[in-house]
Every structure is written in structure tokens, then in C-alpha cells.
Amino acid sequence: KEFIVEKARAACTCSPQSLSTALRRLFPVLDWLPRYNLRAQLLGDIISGLLVGIVAIPQSISYSLLANQDPIYGIYTNFFCNIIYAAMATSRHACVGSFGVLCLMVGQSVTRHLQLAGYGDSSAALGGNSSSPRNGTEACDRSCYAITVALSLSFLVGLYQILLGVLQLGFVAVYLSEPLLGGFVTGSSLTIITSQMKYLLGLKIPRHEGVGSFILTWVDLFRYIHNTNICDLLTSLVALAIIVPVKELNERYKERMKAPFPIELLVVIVATLISHYFDFEQRYKAAVCGDIPTGFRKPTVPDISLFPSLAMDALPIAVIGFAMTVSLAEIFGKKHGYAVSANQEMIAIGMCNLIPSFFYCFASSAALTKTLLKESTGSQTQVSGLVTSLVLLLVLLWISPLFYSLQTSILGVVTIVNLRGGLRKFRDTPRMWQLSKLDTVVWWTTMLCSTLVTTEIGLLVGVCFALLCIIFRTQRPRATLLGKVSNREIYEDQGTYKQLSSIANVKIFRFESSLYYANKDYFKAVLYQKTRVNPVLLRAQAHTDTGSSKGFWGTGFGCLKQAGRRAEQPPADSCPPSTDMHTLILDCGAMQFIDTVGLSVLKETHHDYKQ
């Protein structure tokens, strides 16, 4: 009682020191900013922030298309979340913003709710070309309703992530293994590429959702391929032919280059100028971004009436978002030698989703490509994130209207090119198969389900299958007989090491897993197999035998000292079947726990061998 009262008093006491500690824990910027070294760190942060901002401009616009939103909302998302993450994150190198997989999941949820609300099917709400609602609601057009769904979803995602962080549930991320996340990202990348193909071809086909959307989309692509817009197709091919080789050269010579060449931004600028001066929209009916407004909109509040239908959609987005953020933060924290708090990272990314939801933003997380770029170009602290936000602020205030004539096919190319990392995972599967066959099966299972079924179901199947693999490994673990290393008190596996000596008539059996209800039968079976003695069978044979020595010798067991002369056979119990051991030692050092069923098996084993 005294201990509990003392701890409660310490937790509830509010002093200037405890308040300062709590604020520094919640806002790590208060801890590192006063110690910021202008001379040593500022130049690297500025250069890194500028380069990431330049890359973020085309990605913000293209990922808005993926999330089924107007381009301006992607720029809003990247602007606000970088400022909040800089103040609340413990990672110095992670870069947050729109992430392809999350944008795909947001877009799927938005499309489903648009259909439920009765809005006409459209590939994207670009340039104000929004269809009127068919349910009689005139207050909000399609574009307005799409961002309302997205910001309400972002609010729930942030709320989930903050709750996980406050409840100290950061350890949940460990259940999303690297093969599982790799398979999920690759499967989502294939789905994203499929969804962007209609922009590359200039086709107007419906956006399919739910089970089988991947196959249905490809069926529609081939069905309407005769309607391909030649202008969009040629533009896409030229852009791919330029961007892909330059990005490959950037990666190959990244050690020699101080900064990668911003080929995406250059292609976007040139393509916009060509489209504008040759009037692709009117002459060739090419799809363009349209009007992108400047400045900021008045803050809004999420639509509470949408929460019940968005609650389940927000859960996998929250899990994937914090898993990517925490994993990237820990990777670069370990590389540069500083500590990262998983729970604080969850609170930080939760705030990056919750607060911007009031400013027309959709869900975000740490992004791999921008994080790699940020770290490789000399970033020292999250000041580089503030510089990135300044670059996006210039776009928001003055530059965004200039992208009116930018073709959506170029945005599709930018999105697809940035998914090369996920597709390269296919090349790693042979090596993964050599290292761990079960991990490879987890990767393929998650990838195929995420692609052919849905991303949410793919994630769920991947988690369940990975846990089943763990159960399978503990259900049929490694079991060995041990031998002694000569002249040493060390015992190792006789099947692995040579020249081990066995103790006469003594068997040492090691079971390399916990003993519980799922592997109790396997424990007994492998024990009988390794020791070559099944005590239950031997006792049954001894009791059922009629007494002839042929019965004993025919089974390989019997009295070792059989009289050559004819004599009366003693009872079975007085001449038990002989074995090559008189003592069995169970090495339980690898057992982390034994449940009640496992304890019963040990008792049965002891009783049977004793008999």
C-alpha cells in the first residue's frame, strides 16, 4: 500500500521540473534546438531540405491523384506534417509526407464512400471537374466530399496512433516482420501501378474497389485500350525514357554526387510548358491538372457522421503508417548512433495526421525515398524538414497555378517510377529462400493477397500467416540427442558435430522449444524416435507375449541372456525387454515455459520409462 501511494504521489506531483521534463518528452525540439550548432549543422540541413522539397513538389501532386484528391491537398499534407514532425519526433533523419501505399488505401476508402454517397464515378477530382451528387446534396460537390472523407479518415488514423503511443503500445510494430512489410509494399506497389495505367494511356475507366479489383482493372484496360489517347501515351513513354535512366544513374553514382539530379521536377516543368504552349488539352483532349488554387483554406472539422464507416478503414492505415515511421526512425537512429523512442514516434506521426486533418490534409507517414534522400544529402536535424515546408509554402502561395497544364499522365509516371524499390524485392526472393523458406512463403503470401484480394485483407492475412508460421516452428521444433565433447563438460548435437562421445547406456535428449499443448504429441514421438525406445510399446509387447523367445528376438528386443538349454521361460515382468540405455536425461534448457499439458506429458514420460 505504501509503495502504491508513493508511486501515485510521484506521478501526480506537478513541479516546474516535472513539467519541464514532460514538455521535453512530448516536444523533443525543446531539447535539441537550444543545442543546435549553426556552423556545423545549418548548411547540411538547408541543402537537404531544399532537395527534399524539390522532390516533394511533383510527388505531392502525383500522390494526390492516387488518393483521389485535388493536387492542392497533397501539398497541404506535406507542408503541415513536416512542421509538426520536426517539433515532436525523436528521429533526426526520417522524412514524413504522402506515402504511396497509404495514399492507395486512402483513395480506396474515398472511392467507396463517394459511390455510397451517390456521386458519379470519376477517375479523380482534378481541376474542379467534379460531378454533381445524385443524392440531392447540393451543399458539397464531389471534390468537397472526397476531401471531407479523407480528412475525417486522417483524424481517426491520428487518434488511433496517439492512443497506441500514450498506452505504450509501440511494441506492436514488432509483429510486422520485415518479410511481411516487404511483401505488403510490393503487393501494394503492383496495385498502385495498375491504378495509374489508365492515366498513362489516357483512358477513362471506373476505379474498381474490393476483392479482385486488380484483375478487373486490367480487364477494363484491355477492353478499352482502343480508346487510348495517343498524346498521353507518347508523353508517358518519353517521360519514362528520361526519368528512369537518370534515376538509375543517380543511384549508381550517389557516392560521387553531392546531390541527386532532380529529374522529376525538371520533367514536370518541361512537360507543363510544352503542354501549355502546344495546348494539349484542347487539341488532343489530354487530361490536365486544371486550376490549382493558391493560399490556405479556412480550417474545418472532421465529419463525425462518417466515423462509424471509416473506423475499420483507419485501423490498417494507422498500423502501416506507424510501422513504417518507427522502422525508418530506428534504422537511421542505429546508423547514426542516437536513441529513438518508438512510443514518441507514434505520438508524433499521430499528431501529423490528427492536427492537419483540420487543414484539409489526408493520412501521411514516413516515406522511404524522401528519407533516404534526406539522409544522403547531409541532413543533421529536423530543421531540414522546416526548410522543406518553406519550399512547399512558396508553391502554395505563388507557384501552384503554373501547373494548370500539367498532364495527369506525367503524374502517373512520377508515381510509378518511385515504386521501383518495391518491385526490386522480387530479385531478393531467391536469396531469401536460401536463408529462410518460411519467411519467403510469408512474403509471397502477403504480396499475392495484397495484390489479388485487397490491401487491407492482404495485411491481415500476412499477419495471421506469419503468426501461424511461428506456431508451426514451435509445434515441430528441433530435437536432438547430445554427445559429449572429449575431455570437456560440453554436450552438443550428435547429428551436427563429429567425434562426440556417448556415455554408455545414457541418452541425453534436448527439445529446443517450450513444451505446451500444441507440440506435446510431437515431443513424445520425436523422443521415441531419437532414443529408439518406445516404452509403451515395449510394455505392451512384454505383457501380451506368450513367453516364447522368438517373440522377443523377432522384434529386436528381449532378454540379452537367453539360456542355450531348454528351460522354463520366466514371466515377462521378470525379464523386461532390454535396451541400450538405462538412463534418460531430458535437457529442458531451451524451454521458456511449460503449460499444464506439457507438465502432464513430462509426468507420463517419466512414468512410462520408469516402468
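Student: Which residues make the nonpolar surface patch, and about what area does the patch have?
Tutor: Keep in mind that this is a predicted model. The patch is made by F261, L266, I269, V270, L273, I274, Y277 and F278. Its area is about 780 Å².

Student: Is Y277 buried or exposed?
Tutor: Y277 sits in helix α11, residues 263-277. Exposed requires over 50% relative accessible area. Y277 has 66% relative accessibility, so it counts as exposed.

Student: How are the rings of W32 and Y36 arranged: stacked or tilted?
Tutor: The count of aromatic pairs comes to 23. In the pair W32 and Y36, the ring centres are 6.5 Å apart. The planes meet at 55 degrees, so the pair is tilted.

Student: What about the rings of Y119 and Y145: stacked or tilted?
Tutor: This pair links distant parts of the chain, 26 residues apart. Y119 is in the loop between α6 and α7, and Y145 is in helix α7. Their ring centres are 5.2 Å apart. The planes are at 20 degrees and stacked needs under 30 degrees, so the pair is stacked.

Student: Is Y145 buried or exposed?
Tutor: Buried means under 20% relative accessible area. Y145 has 17% relative accessibility, so it counts as buried.

Student: Which residue lies over the face of Y360?
Tutor: Ring pairs link Y360 into a cluster with Y73, Y76, F79, F80, F296 and F359. At 4.1 Å from the ring centre of Y360 lies R297.

Definitions and conventions:
Residues numbered from 1 in each chain as written. Predicted model: local features only at pLDDT ≥ 70, side-chain atom pairs only at ≥ 80, totals over all residues. Heavy atoms only, no water. Patch = residues over 30% accessible without salt bridge, like charges linked within 9 Å, V, L, I, M, F, W, Y side chains within 5 Å. Areas by Shrake-Rupley, 256 points an atom, 1.4 Å probe, with all protein chains shown as cover. Salt bridge = Lys/Arg side-chain N within 4 Å of Asp/Glu carboxyl O. Helix = DSSP H or I, 4+ residues; strand = E, 2+ residues; numbered from the N terminus. Buried < 20%, exposed > 50% of the residue type's maximum accessible area, 1.4 Å probe, protein only. Phe/Tyr/Trp six-rings, centres within 6.5 Å; stacked < 30°, edge-to-face > 60°. Lys NZ or Arg CZ within 6 Å of the ring centre and 35° of its normal.
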